[in-house]
Amino acid sequence: MSKRLKRVRITPKTRYQRPVITDVLPFEVPPSFSNGGFFYFLSKFNVRVTRRGEENWLSWDASGSIADPALSVIFNFDKHPARVDSEVRDGVSIAVRSRKLKSAKTMPFNFKISHKDTEFRRLSIPHPQNQVLVAGFYDRYGAMIIYGCERSSFSIRKPSNVAKTARFRDRLFKERSGGRSEGVELQGKEYEAIGSYFAYREYSNIFKFYENYSYLNAEKKYSRLLKLDISGCFDSIYTHSIAWAVIGHEATKENLDAIKKTFPEAFDSLMQQMNRGETNGILIGPEFSRIFAEIILQDVDSKLEAALFREHDLRNKVDYQIFRYVDDYFVFSNDPAVELLIKGHLATFLRDVKLRLSAEKSEVIERPIITPLTIAKNRISEIFSNRISVEELEKVDPDNSAATVKHFRLSVKSKPLIVDFKAAIRETGVRYKDVLNYALASIERRVGKFFLCHARNHFQYRNDRELMRAILELLEFSFFIYAAEPRVNFSVRLSRIISTVVDKLHELGFDRDAKDHIFKYIFDNLFQHIKHTPHDRFHEVETLYLLLAINKLGRAYTLPEEVLARFLGIDVGPDGSFKRSRRMSYFSISVCLLYIRNRRRFSGLKRFIECEILQKFRERTAYLKVDTELVVAFLDLQRCPYVSVPVKNKLAAMYGLSVHDIPFLSKVTPHWFTNWLNFDLSIELDKKRAREVY
């Protein structure tokens with residue numbers, strides 16, 4: 001294990017609420033948005049779903065009504081008082097409040113990100129109510145989920161157990177251990193660094209499979225590889241097919257009443273409830289959606305293997321070998337006829353659950369089984385080794401002339417690096433998007449290594465100019481390749497590089513002029529990227545990442561008010577007035593407020609944002625309790641110190657809360673979904689690194 005990683009055993013405390021921090025948000029949400037505060041609220045009051053006969057009840061630990069206003073908004077409770085009981089735990093009497101839950105079809109918070117050259121992917125955040133129901137479902141059916149994912153001998157990414165440890169990067173671990181004051185000590189901080197609720201077997205990332213013995217062994221044994229992909233898997237899944245996969249198609253249809261109390265029916269109902277009752281398609285982005293799909297595809301896999309043996313006497317790992325990673329199939333064989341049989345049967349079994357194979361993504365590779373992507377990565381690795389170097393030398397120890405000290409000389413040649421990189425792309429035929437994550441991750445590691453080597457040099461031999469020149473060269477290359485394909489995942493990588501550079505320059509005590517030289521270069525490039533990015537919903541999230549990266553540079557690099565407005569898709573008139581060209585999403589609203597805070601130079605934009613907030617809620621009054629975006633925005637803004645009290649009061653009145661209720665929304669948690677006072681881009685990006693499991 002890398003020296004930069006630590007594993008710490010997770011305590012049983014707050015295990016129930018853990019899925020809310022690990023399995024319900026898409027990875028691609030802005031770094032300022034998380035479930036950290038919501039998780040704190042749920043764990044602080046031990047909010048949980050319990051069964052009483054055939055009914056679901058919500059229970060929480062509280063002697064008074066302090067949590068009631070927030071829960072009434074999240075779960076749409078009426079004005080009736082909560083039932084109060086007493087439980088004895090570990091010899092202590094605890095007051096437990098509870099309310100009967102109503103079944104409600106909610107509207108997810110959907111947002112779009114660029115996916116292909118002419119296509120976009122819609123990702124979703126489930127309603128906070130449903131996030132709690134997911135936690136309850138995991139608690140009740142966790143063993144069934146694991147059992148349901150054990151049927152396939154093809155699957156290489158499946159839940160195998162509940163995760164017992166959390167992985168920390170050093171910086172994140174220190175912060176979670178109390179190195180930074182947050183006003184209050186968050187319960188279960190270690191959960192914020194967990195990648196997922198379940199431990200996965202065998203591969204948490206597809207690239208680990210490519211480098212593993214299993215893949216190489218299959219290549220030695222078989223001469224051909226057929227790659228298949230399910231077309232629009234999550235968009236096409238029929239939710240009722242979960243029962244067909246677990247119980248059987250015919251058995252399900254003949255026993256509709258009997259299955260209503262079963263695991264698959266509960267999963268089906270949950271997926272429908274969080275998606276406005278839709279049975280066609282499930283939410284894309286959350287981990288629990290991948291688990292839902294996995295259980296269905298496990299059944300497809302087992303039927304495929306059985307049919308190949310029963311009808312053709314073909315055995316897995318003998319006549320062929322299949323690996324499936326989520327919705328991607330890798331079929332190894334020595335015979336094209338076997339491939340056709342496998343493809344035909346697979347298409348049939350997928351059709352039974354209303355899925356189909358993608359004709360565009362079908363590909364056959366013959367031995368040597370090496371993809372253009374693998375060739376490109378190897379070529380890029382060689383280029384980096386040749387053009388980015390750390391030369392280890394020995395010099396006389398200034399403190400002892402009879403001894404020597406190690407000295408590291410840094411060198412980067414960005415222009416040849418760019419030329420060689422473009423040549424590798426052209427020669428291998430891969431697209432920029434296929435290798436950008438790999439390339440930027442490699443640059444990120446080298447940036448960290450450069451700062452480490454500089455710090456290890458004896459202070460009399462440290463060459464600050466050499467380091468600054470090398471960092472600028474790495475930044476130039478990073479900005480160049482990012483510009484070719486600016487997408488959210490690559491924005492995360494670029495933001496990490498920038499964040500590391502800024503933090504290290506501060507930590508190593510570089511003088512202001514030296515820092516400003518690099519900060520100005522970063523600012524100018526980020527400014528140009530945002531300026532030339534289309535100001536629409538499809539490119540919103542990557543713009544927000546870059547805005548927060550600019551914010552990391554400090555007040556000296558603050559954008560002018562009218563420029564910030566345009567970057568957020570707000571039209572600015574000749575007189576400096578603001579006008580919306582489209583309704584702002586809550587992501588843009590929250591990042592804008594986090595950026596402008598209470599600074600006077602943004603007073604006009606802030607007034608406009610507050611009007612936009614109120615208008616957003618007024619236009620959707622009929623959906624106040626079921627619209628995820630509105631519920632999340634309402635709770636988050638009540639804790640925001642940059643929104644005026646009158647605006648908060650007007651929003652609270654829309655939800656039927658009294659002036660007496662409003663303070664409780666702030667007292668129950670230090671923040672809800674945006675850490676307004678203690679947001680740190682570096683820390684949030686480290687959390688994302690721990691959660692990047694797909």
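Start by selecting N46, which is partly exposed at a relative accessible area of 21% (buried means under 20%, exposed over 50% and partly exposed in between, with a 1.4 Å probe and protein chains only). N46 sits in the loop between α2 (36-44) and β2 (48-52), and its phi is near 50°, a positive value in a residue other than glycine. Helices (H or I, at least four residues) and strands (E, at least two) are DSSP runs, numbered from the N terminus.

This is a predicted model, in which local features need pLDDT of at least 70 and side-chain atom pairs count only at pLDDT 80 or more, while totals for chains, interfaces and linings use all residues. Residues are numbered from 1 along each chain as its sequence is written, and side-chain values use heavy atoms, with hydrogens and water left out.

Next, select V326 in the loop between β12 (320-325) and β13 (328-333); V326 also has a positive phi, about 55°, although it is not a glycine, and at 5% relative accessibility V326 counts as buried.

Move on to P368, in the loop between β14 (363-366) and α14, where a cis peptide bond joins R367 and P368 with omega about 5°.

Finally, select helix α19 (residues 512-532), whose 21 residues reach 30 Å from first C-alpha to last, close to the 30 Å expected at 1.5 Å a residue (the expected span is 1.5 Å times one less than the number of residues). Its buried residues include F519, I522, F523 and L526, and what covers the buried residues of α19 includes α17 (464-484) and α18 (488-507), contact meaning heavy atoms within 4.5 Å.
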